[in-house]
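Please keep the sequence and the model in view while reading.

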Amino acid sequence: MPEVRANSLEEAQEAVRTYPRLRPKGGGSKPALSTPKDGETLLDLSGLRGILEYAPEEFVFTAYAGTPLKEIEETLRAHGQYLPFHPPLVEQGATLGGTVAAGLSGPMRERFGGLRDFILGVRFVDGEGRVVRGGGKVVKNAAGFPFHRLMVGSLGAFGVMVELSFKVFPSPRATQTLRLTYGSLAEALAAMERLRVLPLDLLALDLIPPATLEIRLGGFPESLGKRLKRLQEILQKEGEVLAEDETHWEGVRNLRFLEEAPIWVKVPSTPAWVPKLENLLLGPRRYLAGGELLYAGMEAKGLASLRQAGIPHLVLKGAEDALFPHPPEAFFRKLKLALDPRSRFPLEKRGGVGEL
Amino acid sequence: MGFLEELRALFPPGRLLTKEAELAPYESDALTAYRKRPLAVVLPERKEEVVEAVRLCRRYGVPFLARGSGTSLSGGSLPVEGGLVIALNRMNRILRLDPKARIAVVEPGVVNLEVSRQAAPFGLYYAPDPSSQPISTIGGNVAFNSGGAHCLKYGMTAGHVLALEVVTPEGEVVRLGGEGLESVGPDLHGFFVGTEGLLGVALEITLRLLPKPEAYHTLLAAYRSLEAAGNAVSQVIRSGLLPGAMEIMDRLSIEAAEAAVKAGYPRVEALLIVELEGPKEEVEEEAKLLAQVIKESGALEVRVAQSEAERQAIWKGRKAAFSAVGRLSPDYIVQDGVVPRSRLGEALKEIGRLSQEYGLRVANVFHAGDGNLHPLVLYDGKKPGELERAEELAGEILKLCVRLGGSLTGEHGIGVEKKGYMPEMFAPEDLLAMERVKEALDPQGLANRGKVLPGHGQGPHLGEVYA
């Protein structure tokens, strides 16, 4: 398998100018997205790493795209801050750029929003080897076309991300988790739907089929007990309280519950879709953020059932055809032509078949 | 048939304006120093009519501009001379408000505040709150990625848009995004937000709604200098608090606000408003910490709102500040550059110096939490040369923001007003990439021609323009 490494902006430009088709890879934690297809050269960006700027008081950092999230989170933690979109697969080596390209957030996105709510800027190499910057390094900015937002979920279609800037927040001072098990999916779903519209500022609200809810609260240690009690009153259920919950949620956000499954899939969901999704042939799974985000493990027949039902999804591991459906052609094609006119990068329809 | 005849076939009389007197109100937006005469204005009532109008423009090569209430402060909704204005105010229906899904699907002419009003019975609201929210439309908010006072915590419009139906400049209708918070594939709807109408017209917009915070804690603190107020903001941030809003006003804007609405503010050099919001037990704890931080910040006077009425009183002066400054001066220019928060003090000092140098008063009201300045440059348009001097001073402030590592605009957009400053913030390659995207989606350059991109419309040799 042909392979090239880029450890700097210049090397990334050089690689783009040299190889006709590239497949960027960071930590390789999402092999369905980073494994080269026929004719593609692997562009290894794991050496393009390091935090470039971080001013805790600004709530902003800029890092090379190949920086492992683990390194970023350790630095933030030392200043009492965190990535509020709570990216998955950190222990498996996920990088900042790979997480942006896949567009992945984790359970705590429930509180303040997902990756798209926190990305501020990008510097990338386009399909002609040109360096382009979009966005900025401040938390509020409306100048120019927002190329940084275009990168989210792009699978690298428009360019090789080199630098990324993000907004961060102070970490919750303390956390607690309430776990509730219901008699049926319908009951658990009803409780979740009730919580979704209440101003409770939940850190996480997960539904684990068949009928369990896990609710995470974060805030001042002095207020958590009272808030937890109120939650129990609202739901009229005691449940089980996890006072030490960090290890548990680390496991969740690293998608440990998928480990036994051969195929890993992200499904943008809504609570209304849950009954329909539960009728498919899915394996281990968990609905995050009040039912808005499903990570599911499955076998080939599960993936086929998802596709047959016409449900949009992204395969992270275990299958070749990663993205369904293909982005809306009339808009996507023009952007692709503008930034990657020679089709060097992924997300290309080749030979009339959607090969992603 | 010609262009106008075809338009007449599409739009009944009364929804196609061509007479001079009818066109006059559409000649400019809130940046009134600029005026352009369009060829005609159409008032569509259904999205199919917008699509037909765009397709017609494409067929005849007529430039077009979609606009809502025309509150743009950057001239973003200035018509193109001889072009078509597609005024979307009649497309003001909330098509669906689904509290369970926490979304609202709206037409582009829906007024921002109306969304929150309709969502209120369900305990929900639409978070982005530009000062123009009682008038400005969601379509315009999408075009300019509008902000407001709560952007540090809640982000800008882009984060709150979940899906868009768009007609491209070539007349194709596409749906971008979905109905949930997550999606797969490139965030094309996120990219469209903030492109100022250069890449098409939004026909239908799906918005994220949030549960309305349960409790507020609003505090007003008085300081002997702007710098001291700015330092207090830094101390609040360092304490690990994340307020919903932090606003600062200087002496000139305090005086203006007092004269206009008698908010009862202390007459000092600087006022800081901090608002916490969240579940009541949490806000209670946060308020204790905030009290301590503000005490240590050397505030001359501190007031805490004890009721909703007192909270509104604190906000009243701040919200009135812009129009109030109008009383101090016949004309003013407002900028909205951004600086990293830790450099606010430096920026304000330099703005003060520039104000002296140019001999023009500058009032400062700003979103301190996100570093978004709003210097109001006061001038008298009747005095020869004063407008030019005011524009030059405003330009110096923009350059200062970029120099300090910030942005030309936090929320008003580039429009026509700031496009000349784009090369200060972006390298030629960055601008060329934007030009190429524009060119690919709009080869005839019809959609909101002449905005944002400094080289646009200057012939085929873009490289030379930026060289």
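Chain B and chain A bury about 7000 Å² between them, 59% of it on carbon and sulfur atoms; buried area is the accessible area (1.4 Å probe) that two parts lose on being put together, summed over both. The contact, meaning heavy atoms within 4.5 Å, takes 96 residues from chain B and 74 residues from chain A. On the chain B side, B:Glu182, B:Val184 and B:Phe191 lose the most area to chain A, together 11% of what that side buries.

This is a predicted model, in which local features need pLDDT of at least 70 and side-chain atom pairs count only at pLDDT 80 or more, while totals for chains, interfaces and linings use all residues. Residues are numbered from 1 along each chain as its sequence is written, chains are lettered from A and ligands numbered from 1 in the order in which they are written, and side-chain values use heavy atoms, with hydrogens and water left out.

Helices (H or I, at least four residues) and strands (E, at least two) are DSSP runs, numbered from the N terminus. Chain B has an open sheet of four strands in the order S1-S2-S4-S3, with mixed pairing; two strands pair if DSSP finds at least two bridges between them. Strand S1 (16–17) and strand S3 (64–67) of chain B are the edge strands, each pairing on one side only. S1(B) and strand S2 (residues 40–42) of chain B run antiparallel and are joined by two bridges. B:Leu17 has B:Val41 in S2(B) as its bridge partner.

Two helix pairs are set out below. Axes are lines fitted to C-alpha atoms, for helices over the stretch in contact, and angles run from 0 to 180 degrees between N-to-C directions.

| Helix pair | Angle | Axes |
|---|---|---|
| H13(B) (residues 344–358) and H14(B) (residues 386–403) | about 160 degrees | 10 Å apart |
| H7(A) (residues 185–196) and H8(A) (residues 221–235) | roughly 125 degrees | within 11 Å |

H7(A) is therefore oblique to H8(A), whereas H13(B) and H14(B) are roughly antiparallel to each other. Angles under 35 degrees count as roughly parallel, over 145 as roughly antiparallel, 65 to 115 as roughly perpendicular and the rest as oblique.

In the chain B pair, residues of H13(B), including B:Ala347 and B:Ile351, meet residues of H14(B), among them B:Leu393 and B:Ile397. In the chain A pair, A:Ala191, A:Arg194 and A:Leu195 of H7(A) meet A:Leu231, A:Ile234 and A:Leu235 of H8(A).
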